[in-house]
Each structure stands twice: as structure tokens, then as C-alpha cells.
Amino acid sequence: MSLWGRLTGWIVLIFGLTYFALPLLGLTEFSLKARRGVYSLDAYAKVIADPEFQATFGYSVMMALVTIVLGILIVVPTAFWVRLKMPWARPYVEFITLMPLVIPAIVIVFGYIRLYNTSSWLPMTGSIMGTNLLLAFGYTILALPYMYRAVDTGLRTIDVATLTEAAQSLGAGWVTILGRVILPNVIPAVLSGAFLTFAIVIGEFTLAALLDRPAFGPYLQRIGANKPYEPFALAVIAFGITWACMGLIQLVTRFSKHSKVAR
Amino acid sequence: MAFLELSHLEKSFGSNRVVKDFNLDVGQGEFISLLGPSGCGKTTVLRMVAGFETPSSGAIRIGGTDVVGKRPNQRNIGMVFQAYALFPNMTVAENVGFGLKIKGKGRDEIAARVTEMLRLIGLPDLGGRYPFQLSGGQQQRVALARALAPKPEVLLLDEPLSALDAKVRVSLRNEIREIQRELGITTIFVTHDQEEALSISDRIVVMNGGIADQVGPPFEIYNRPTTRFVANFVGQLNAFTATVEDGAAGRVRLAGVPVTLPAPVSGGSVDLAARPEALYLGRREGNDVVLPATVRDVHFLGSVIRIGADVAGMQVALDTFNRADQPPPAPGAVVELSLSSRDLIVLGG
């Protein structure tokens with residue numbers, strides 16, 4: 001590569017890094033300025049000690065776990081079946097799983113409220129458990145594009161049809177095949193989808209706010225409106241969680257024990 | 001009475017009839033090969049026996065019980081696939097024990113059977129390895145052990161040697177045959193490799209266009225093919241057209257030479273065939289047919305020399321053993337080829 005080419009590459013890289021890193025550095029630096037004149041972790045300490053932070057964060061983590069389980073239960077069998085028996089349906093399923101990227105969360109939540117309000121035939125918003133369920137369903141839909149793609153990519157790396165037939169010839173039924181043969185072989189992909197789902201749920205605002213649930217997203221917004229330094233500490237924490245999720249995706253993909261599976 | 005019976009089996013995919021009126025009786029402990037070119041329906045027959053395809057019509061009986069309505073996991077069949085299909089997330093021992101675990105066998109029983117199976121396939125120390133840590137041949141051995149561990153009634157082998165290199169293929173096919181004999185398990189082996197089928201089968205079913213063209217022991221299939229397809233597909237073949245002079249007496253004229261066939265023939269002309277090893281370079285006692293020929297090409301194959309020659313406009317090939325004191329004729333040389341009229345195959349169909 002010529003000197004000019006290399007130089008251009010470096011300029012583009014430095015510009016890109018600056019574009020992304022500078023606001024984050026500013027954000028982090030400001031979050032450390034809670035005590036006048038010196039850098040301190042006061043804002044972080046205050047945020048972490050806040051019982052509302054603990055409650056909302058705990059709630060969102062719980063919702064993320066429920067969403068991940070729901071996502072796995074819906075997506076893994078669907079992607080498996082489409083790959084095995086209904087390859088013709090793949091474009092349609094892919095289109096459906098892409099819908100949440102096109103339809104804003106606010107449309108989904110208004111649809112929910114209209115369909116499942118207290119005067120409807122299924123008044124899910126009438127109870128806390130019902131609303132929590134509704135929120136989990138909503139999160140599952142928001143995470144669908146990521147979960148489906150992750151699992152489908154994982155299924156592509158194994159010979160689904162032959163493994164299924166091998167298990168069948170050994171006497172296995174569908175549940176055993178899915179649970180003991182297919183799922184363990186797409187675990188890295190499922191975990192990738194799970195971490196993406198976790199990152200989405202932790203920061204999600206619209207569904208939780210409009211369904212009036214005590215999630216982390218609305219808490220972030222409330223703190224941001226009323227406190228000077230804490231919102232920035234929270235933003236850094238939220239970024240940290242997202243990056244940790246991304247890092248874990250890389251880890252499970254790279255260090256998967258069966259990454260060299262024979263096709 | 002046959003242990004595995006396939007009667008009037010048919011399979012269509014849309015308007016395409018892949019298997020047509022297929023009938024086969026397999027005895028207990030018999031090793032049957034389904035041999036044929038790609039698309040002849042052999043794998044479809046195997047998959048119908050396994051339960052992965054449902055026949056359009058016909059019956060499949062194992063030990064007298066019709067299994068057509070049964071799901072694959074209810075048929076007590078062991079299957080080995082071309083692509084090994086070992087479960088990548090499980091160790092060798094877990095793979096071999098999978099079928100037993102499904103059957104709800106106890107831990108000790110599974111461990112004992114897994115040890116027995118690994119010893120049978122000659123890999124007693126590899127139980128803790130994962131499939132990706134094994135060679136292709138080892139993986140296929142493990143797949144065989146896994147299929148045999150739950151003691152299936154029928155073993156189905158779907159081109160299990162195709163993905164292996166030539167040397168491993170030969171040794172593994174012999175091992176498969178030994179293990180099959182030792183266990184006495186009824187086996188169907190699908191292959192497109194005639195050498196494989198000829199070397200290890202009790203009987204061969206040569207399939208063509210969805211039908212069983214000929215069923216018989218390897219010796220009979222090779223030496224007495226009943227159809228032109230079988231004659232051409234199994235082994236090398238020299239085809240001749242002869243003029244019938246006296247059909248009832250079996251007298252024909254081949255390349256201008258009178259020949260008396262062992263059986264009567266009909267029609268004005270007859271298609272005859274001879275294997276390359278049935279032709280002899282020069283005259284020999286017992287060879288009653290002598291044909292003038294011109295050597296076209298000579299291929300030195302080590303212990304065997306294959307000679308291509310023209311006989312009255314027909315191209316033939318003959319095999320002769322290499323002997324250091326007898327160099328082969330040069331291309332263009334005029335020679336005599338002889339054969340016994342008893343080695344001539346009359347082609348039908």
C-alpha cells in the first residue's frame with residue numbers, strides 16, 4: 001500500500017475514533033466532577049447507593065432474563081423448524097422478525113394498551129403481573145430481529161437435518177432433539193442473542209414508561225431531568241453494561257469449546 | 001421367511017416417481033447393498049426404511065411388523081450417515097451412549113455398553129474426546145458404534161465411506177463387514193461404488209431409474225448381468241453386436257467369426273458382452289473364439305496391463321497380467337484376441 005493510502009487509512013481511523021470517543025470521554029470526565037476541584041466517584045457512589053437505582057436495575061435485569069427465556073423458547077424452535085421442514089417460509093419469517101425494526105416501540109405499546117386495557121376482553125394492564133408479562137412480550141418483540149438472526153446464523157454452522165435424523169434414528173423425540181442436540185450446539189449464537197437482548201432491555205424506555213413499570217430506562221430519564229452529575233454516571237454505567245455484553249458475545253464466540261464442529 | 005420385507009414400495013416427489021414398485025426380501029443377518037448411480041432412488045429406499053420418507057404406497061415389514069406408520073424414533077433402526085453426524089457437543093462416549101440414554105438405561109449399563117462398543121471399533125481410549133478431535137475414519141467408526149449401541153434390529157448405512165480417502169475406505173469397509181458378521185445384524189448398505197458393493201455384500205441390488213434391475217450375489221451380478229444397464233454399470237464391459245445365424249442352436253457370427261453360444265437366442269442380431277479379463281491376447285486352449293484385432297493403446301497399470309483394441313470397428317478393452325519377460329504389443333500392432341464363448345454375456349433389456 002502506498003504512503004498516501006496508509007496515511008488516509010490512519011486519518012479515517014483517528015477521525016472515527018475521535019468521533020465516537022470524544023463525547024464519551026467528555027461524559028466520563030464530567031461524571032467524575034461531582035466534588036469541586038478534584039475527580040471523584042461521588043456521583044457513582046450516590047447512584048449506586050440510591051435504592052431506586054437498585055430497584056429499577058434489579059427489575060430490568062429480571063425482565064431481561066424473562067425476555068431472554070421467552071426469546072429462546074420462541075426463536076430456537078421456530079428457526080430450527082424453518083431450517084428443517086419449511087425452508088420456503090424463511091423469507092416470510094425473516095420479514096416478520098424484521099418488523100420490530102420498522103415499527104416504533106411507541107406504536108407497539110399503544111397497540112398493547114388499546115388491546116389489553118382494563119375494559120378489553122383480556123385486561124392485562126389491570127394487574128401488575130399482567131403488565132409485567134405484557135412488557136416482557138414487548139421486549140421479546142423488540143429483541144426478535146437480533147435473537148432470530150443470531151440463532152439462525154448459529155444453525156447455519158451445523159448440519160441441522162443430518163443431526164436431527166441421527167438423533168431420531170437413535171430414538172430421540174423432538175423435545176430431546178431440540179434440548180440435547182440442537183440447542184447445545186448453537187449455545188454461542190443463543191448467548192450472543194441473549195446478551196444483545198439484555199443490552200436492549202436494560203436501556204429500553206418507551207415500553208416501560210408507557211406501561212408505567214419501574215424499569216431502569218424511565219429511572220435514567222427521571223434522574224437526567226433532576227440531578228446534575230448522576231445522569232452522566234448512569235450513562236457511563238449503562239454504556240459499561242452494553243460493552244460488557246458485547247465483550248461477552250465475543251468471548252463466547254471465540255472460546256466456544258465446539259467452535260470447530262465437524263459439518 | 002425374510003426379516004426385512006419391502007413390498008411394492010413406491011415414492012413420488014410431486015410428479016417425479018423416484019422409486020417404482022420396489023420389492024426386496026432381506027434375511028436375518030444378511031448384508032445387502034443398494035448399488036446404483038446418483039438419482040437412482042437407492043437413498044430414498046433407505047430413508048423410507050429409516051422412516052425419514054413416507055412411501056407413496058407399499059409396505060415395509062421388519063420382523064413381520066409393518067413399520068410404515070411408525071416414526072423414525074419408534075423403528076429400532078441404527079443408521080450411519082455419509083457426513084458422520086456425530087453430535088459435536090458430546091464426547092465420543094456420550095455420542096455412543098446417546099441412544100441408550102434415550103432408552104432410559106442405567107448409568108452402569110450405558111458405561112459397560114459404551115466400553116464394549118469402543119473396543120469393538122478399535123478405539124477403546126478415545127471415549128473422552130470430542131468429534132472434532134478425531135479423523136474422518138475415526139468419526140465414522142464412532143458413528144457406527146453409536147448406531148449399534150442400542151442393539152437395533154436393522155442397520156442402515158448411507159454411503160458411509162464416501163467422505164473418506166481411498167485407503168481408509170478399503171480398511172473401514174472390511175471392518176464394517178467384520179463387525180456386521182460378528183453381531184449378525186441385518187444390514188442395508190447404500191453405495192454408488194461397485195467395488196465396495198462387490199467386496200462386502202451377501203447380495204447386491206442394482207438400481208436404475210427407481211427400480212431394482214437385478215438382485216443377486218456379487219459373483220452373479222458381475223458374471224451374469226441380466227440387463228444391459230447392470231452389465232455396463234458393474235465393472236468394465238466390452239459390447240459386441242453379432243448377427244444371428246441359427247438362433248435355436250445359438251449360432252451367431254461375431255466380427256465375421258462363427259460363434260456358438262451356450263444358450264439359444266432370438267432375432268436377427270444379438271448384443272453380446274465380455275469382461276476385459278475374459279479376453280486373452282493371443283490363442284489359448286479352451287478359448288474357442290479367435291478375433292483379429294488392431295492394438296489402439298496400451299495402459300500400464302502396474303501388475304495389470306490394459307490394452308485397447310479395435311475388433312471389426314468395435315472398440316474393446318482387455319486386461320492381461322504384467323510379466324517382465326513379455327512386453328505388451330505396441331499400438332498399431334495386428335494381434336489375435338481369444339475368448340471362450342461361455343464367457344460371452346447375452347444382454348437383454
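In chain A, helix α6 (residues 128–156) packs against helix α9 (residues 187–203) at an angle of about 160°, with the axes 8 Å apart. Axes are lines fitted to C-alpha atoms, for helices over the stretch in contact, and angles run from 0 to 180 degrees between N-to-C directions. Helices (H or I, at least four residues) and strands (E, at least two) are DSSP runs, numbered from the N terminus. The model is predicted: local features need pLDDT of at least 70, side-chain atom pairs count only at pLDDT 80 or more, and totals for chains, interfaces and linings use all residues. Residues are numbered from 1 along each chain as its sequence is written, while chains are lettered from A and ligands numbered from 1 in the order in which they are written.

α6(A) and α9(A) are therefore roughly antiparallel (angles over 145 degrees; under 35 is roughly parallel, 65 to 115 roughly perpendicular and the rest oblique). Their crossing is right-handed (the near helix is turned clockwise from the far one by less than a right angle; anticlockwise is left-handed). Among the residues in contact are A:Y139, A:L142 and A:Y146 of α6(A) and A:L196, A:I200 and A:V201 of α9(A). Contact requires C-beta atoms, placed from the backbone, within 7 Å. The contact of α6(A) with α9(A) has 13 nonpolar, five polar and no charged residues. Ala, Val, Leu, Ile, Met, Phe, Trp, Tyr, Cys and Pro count as nonpolar, Asp, Glu, Lys and Arg as charged, and the others, Gly among them, as polar.

Between the chains, 20 residues of chain A contact 24 residues of chain B. On the chain A side, α7 (160–169) and α8 (174–185) are the elements that give two or more residues. The largest share, six residues, comes from α7(A). The chain A side has nine nonpolar, eight polar and three charged residues.

Chain B is assigned domain 1 (4–232) and domain 2 (236–346); the bounds come from an automatic or database domain assignment. The domain centres, taken over C-alpha atoms, are separated by 39 Å. Four residues of domain 1 contact four residues of domain 2.

Also in chain B, helix α4 (residues 136–148) and helix α5 (residues 166–183) pack at about 15°, with axes 11 Å apart. α4(B) and α5(B) are therefore roughly parallel. The crossing of α4(B) and α5(B) is right-handed. Contact residues include B:Q140 and B:L144 of α4(B) and B:L172 and B:I176 of α5(B).

Note on methods. Contact = placed C-beta atoms within 7 Å.
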